[in-house]
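Okay, thanks for having me, everyone. Let me put the structure up and then walk you through a few bits of it.

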Amino acid sequence: MESDTSTRRRVKLYMLNEDRQWDDRGTGHVSSAYVDRLKGMSLLVRSETDGSILLESKIQPDTAYQKQQETLIVWSEADNYDLALSFQEKGGCDEIWEKICQVQGKDPSVDITQDVVEESEDERFEDMPDAAPPIDLPPCELSKLEDIAELFQSVLPSPIRREKLSVAIEDDGYIKKLIELFHICEDLENTEGLHHLYDIFKSIFLLNKNALFEIMFSDDMIFDIVGVFEYDPSLPQPIRHREYLKSTAKFKEVVPITNQDLENKIHQTYRVQYIQDVILPTPSVFEENMLSSLTAFVFFNKVEIVSMIQDDEKYLSTLFAQLTDDETDDDHRRDLIMFLKEFCIFSHPLQQQSREVFFKTLLSLGVLSAIEVILGLDDVKMKATAIDIFSFIVEFSPSMVREFILRECQNQDDVDLLINLVIEQMVSDTDPELGGAMQLMGIIRLLLDPENMLATANKTEKTEFLNFFYKHSMHVLTAPLFANTVEETPSKDDYQTAQLLGLILELLSFCVEHHTYHIKNYVISKDLLRRVLVLLKTRHSFLALSALRFMRKIVGLKEEFYNRYIVKGNLFKPIVEAFVANGDRYNLLNSAMIELFEFVKVEDVKSLCSHIVENYIKDLDGVKYVKTFESLRLRYEQQQDRLKERANAESHAASIVRNNRFRRDARTLEEEEEMWFDQDDEIEDGDTPTPMSEILKTKLDADFDQINKILESKKSAAKEQSDLRESPPRLLNKTSTINISLRGGSPVNSPGSPNSPVSPGSPGSPDSPGSPGSMTNLKGPAPTPHSSPINSPQIKQNAVSIKPLVGLVDYPDEDSDDDEEEESLAPSAKRPRIGT
């Protein structure tokens with residue numbers, strides 16, 4: 001019993017938006033209860049998903065509630081704030097309707113509880129109830145048709161009079177009487193009377209009352225209504241709408257419909273949609289909001305049709321079984337796929353939650369497998385329809401489609417994969433304007449867009465799908481591009497091919513912008529940019545611009561990986577050649593290429609700037625109408641001057657040998673290492689060394705010579721001055737002072753060790769020339785490297801055994817193998833502490 005109540009009170013809440021379309025605000029269960037905060041009986045709708053309150057609306061005594069189609073209750077909370085409750089069952093609608101009528105003191109048999117008052121402030125004084133008595137309708141006779149038309153036209157500006165006229169028409173059965181007059185006029189060929197009836201029924205539609213629509217759209221009357229609108233006074237001849245609906249627009253049951261209510265609802269919706277879209281004249285600015293009830297009628301009919309078909313599992317499973325069956329003939333398969341497309345179109349009014357259920361139902365029944373089958377056929381019309389359905393699904397949920405594609409790639413060849421069939425359909429579009437290919441390009445871009453890819457704790461959709469795509473599908477997408485750029489000029493240069501290559505380049509530019517190492521690896525491994533730049537020689541300027549835009553996307557990333565690839569491949573050559581070939585013509589191509597060079601200059605992309613100036617500045621020197629190339633040359637020269645100044649400054653920096661190690665300023669070291677490794681990469685890539693590398697090479701050779709001289713001088717000094725004791729030297733440089741501190745790995749008998757005998761130069765010796773307590777704070781000028789004395793006999797012993805160029809760089813925070821070697825030569829087993 002509880003379940004029955006739950007189902008009976010289950011509703012969808014709708015609200016009319018600014019575009020006069022009904023928005024689904026959620027599904028829940030409705031009840032009526034007294035709410036203290038609102039101080040009155042109210043309608044409550046609680047969400048069935050999370051239990052939150054979707055609606056809390058007090059039943060006001062003067063609010064006009066309307067009951068429509070037995071399962072709808074519609075009302076206005078305030079100006080431009082219309083609400084509707086759509087019940088799953090008629091019984092639930094009746095229960096809530098009785099509660100509303102009980103609060104307002106109305107008879108539940110009525111379909112509207114109040115007179116709708118929508119008039120402006122001025123009309124409230126003009127149309128007070130006492131001043132607006134019920135409308136008396138003229139007798140329904142041929143002689144009165146003109147009077148009737150004038151009366152109906154006159155009440156349209158006043159909302160309260162429209163309401164009274166609607167009530168009078170419904171109570172008097174006036175529509176049926178007017179239809180009888182229509183038959184008489186048609187039999188008598190009374191054109192004037194038919195024109196009056198056209199105006200009368202146009203006014204009835206503009207009354208915007210659902211109760212009148214229910215009467216006019218019934219099975220026994222709708223064709224007569226269509227017939228009335230055939231006699232438009234503005235047209236010289238009647239339009240045969242009835243003939244079209246009865247004979248031309250035939251209803252096909254692609255799968256037999258056993259539910260008669262469903263079939264009747266489909267017929268009714270089609271005919272009403274035809275009246276709204278084809279028959280009724282385009283409403284004026286003042287009339288556009290006067291057909292909202294007609295729009296709502298069609299909307300709720302479509303929602304009901306989709307729900308009824310979706311709930312019929314046998315019907316849909318039969319449809320998909322026939323669609324994928326090899327025995328199904330092409331004509332029937334075409335009807336099936338067209339029906340499926342119409343079914344998807346009917347789902348458009350559904351809101352997010354309902355559409356999600358709808359598409360999940362289709363996916364569970366194998367809609368993507370069915371699309372795969374259709375795309376494998378040769379029927380162009382069926383393929384186009386299948387692509388439309390595929391587009392609906394991708395636009396709603398790209399992740400659902402990606403999941404299917406990843407699942408099927410495990411047991412299918414690349415050529416049969418759905419995504420590859422879609423790409424094949426794109427590249428083989430026969431339309432000269434490539435309308436279908438453009439649609440498919442948009443679909444593929446949605447599937448490749450990382451912005452709509454999900455990331456979970458266990459897997460990343462982006463990584464998984466892009467790995468798949470670049471391995472199994474990218475070659476299918478780029479095949480036309482590679483096939484057309486084998487030579488130095490495009491092998492095919494007709495308009496349709498150029499259009500297709502432009503679409504492919506647009507997708508590839510999207511990939512460069514939004515993907516990371518996937519497209520980077522693909523560009524390098526396939527030398528893609530070189531092939532794209534062949535298209536600069538096309539006779540179609542839009543394709544040349546697409547190729548240039550692809551280059552610009554890559555340069556715009558400012559990644560040295562791409563820059564080295566461009567320099568190594570000499571890929572600015574086709575750009576410069578195209579620029580020179582374009583000459584002085586002031587066009588988009590000229591502007592786009594200048595912008596590319598300008599970007600390199602403004603963003604100071606050093607590697608590209610050097611490459612352009614060193615290789616192509618002679619070709620570009622003659623361009624004086626912009627300052628771009630002159631500025632590029634100036635920036636390059638400034639860059640070279642800075643490099644030379646830095647190299648000269650570093651070449652004069654002195655070095656110091658301490659504990660058989662050559663030490664330099666850490667910051668200088670980092671800069672030189674960076675230049676060294678950068679140059680290494682370029683030499684490995686086969687580049688000619690740049691001027692910067694020549695300077696660095698000279699600098700390093702000078703350093704090595706200097707180090708060897710220092711070591712040799714130390715050997716001779718050690719022999720001649722073995723008894724001389726000096727404090728550790730301090731290097732004075734023009735630019736910096738390097739302080740040397742002792743490390744824990746020094747020899748045991750070195751000065752400052754608390755466990756060693758007192759020796760000259762130690763802090764405990766009265767003859768020590770150094771200041772007490774510090775080995776680094778020396779007074780007086782420090783000796784130069786060539787005249788530095790050896791610090792101790794132990795260092796002398798080690799210095800003799802050290803080979804030249806060992807221990808070039810000493811990092812203060814590292815322990816080297818040389819430390820261990822020195823310790824092994826020391827007599828004491830104890831490790832000394834640093835003297836302070």
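Let's start with a quick one: is Arg-334 buried, partly exposed or exposed? It's partly exposed, with a relative accessible area of 21%. Before I go on, keep in mind that this is a predicted model.

So, who does Arg-334 talk to? Its salt-bridge partner is Asp-379, and the closest N and O atoms of the two are 2.5 Å apart. Asp-379 sits in the loop between α16 (367–375) and α17 (380–396), while Arg-334 belongs to helix α14 (residues 330–346), so this pair ties together parts that are 45 residues apart in sequence. As for the aspartate, Asp-379 has 17% relative accessibility and counts as buried, because the cut-off for buried is under 20%. Arg-334, at 21%, comes out as partly exposed.

How many salt bridges does the structure hold? The count is 26.

Arg-445 bridges to Glu-506, with 3.5 Å between the closest N and O atoms. This one also links distant parts of the chain, with Arg-445 in helix α20 (residues 435–448) and Glu-506 in helix α23 (residues 495–514), 61 residues apart. Both ends are partly exposed: Arg-445 has a relative accessible area of 30%, and Glu-506 has 35%. There's also a network of salt bridges, which links Lys-67, Lys-90 and Asp-94.

Staying with α20 and α23, let's talk packing. Two packed helices are described by the angle between their axes and the distance between the axes. For α20 and α23, the axes come within 10 Å and cross at roughly 15°. Angles under 35 degrees count as roughly parallel, and α20 and α23 are therefore roughly parallel to each other. The crossing of α20 past α23 is right-handed.

Now, α23 has another neighbor to look at. It packs with helix α26 (residues 541–556) at an angle of about 15°, and the axes are 9 Å apart. That makes α23 roughly parallel to α26 as well. What about the hand of that crossing, left or right? α23 passes α26 in a left-handed crossing.

After α26 comes Lys-558, which has a positive phi, near 55°.

Same exercise for helix α15 (residues 352–364). It has 13 residues, and at 1.5 Å a residue they should span 18 Å; the end C-alpha atoms are 18 Å apart, so that agrees. Which residues of α15 are buried? They are Ser-354, Arg-355, Phe-358, Phe-359, Thr-361 and Leu-362. Those residues cover an arc of only 150° around the axis, which puts them on the same side of α15. Over on the other side of α15, Gln-352 and Ser-364 are exposed. And following α15 you find Gly-366, with a positive phi near 95°.

Okay, last topic: backbone torsions in the loops. Most residues other than glycine have a negative phi, and most peptide bonds are trans. With that in mind, look at Leu-434, a residue other than glycine whose phi is positive, near 55°. Leu-434 is in the loop between α19 (418–427) and α20. With 2% relative accessibility, Leu-434 counts as buried.

Then there's Asp-604, where phi is also positive, near 55°, and again the residue is not glycine. Where does Asp-604 lie? It's in the loop between α29 (588–602) and α30 (606–620). Lys-606 is partly exposed, with a relative accessible area of 40%.

That's what I wanted to show. Happy to go back to any of it.

Definitions and conventions. Residues are numbered from 1 along each chain as its sequence is written. This is a predicted model: local features need pLDDT of at least 70, side-chain atom pairs count only at pLDDT 80 or more; totals for chains, interfaces and linings use all residues. Side-chain values use heavy atoms; hydrogens and water are left out. A salt bridge is a side-chain nitrogen of Lys or Arg within 4 Å of a carboxyl oxygen of Asp or Glu. Helices (H or I, at least four residues) and strands (E, at least two) are DSSP runs, numbered from the N terminus. Buried means under 20% relative accessible area, exposed over 50%, partly exposed in between (1.4 Å probe, protein chains only). The expected span of a helix is 1.5 Å times one less than its number of residues. The arc is that of the directions from the helix axis to the C-beta atoms. Axes are lines fitted to C-alpha atoms, for helices over the stretch in contact, and angles run from 0 to 180 degrees between N-to-C directions. Angles under 35 degrees count as roughly parallel, over 145 as roughly antiparallel, 65 to 115 as roughly perpendicular and the rest as oblique. A crossing is left-handed if the near helix is turned anticlockwise from the far one by less than a right angle, and right-handed if clockwise.
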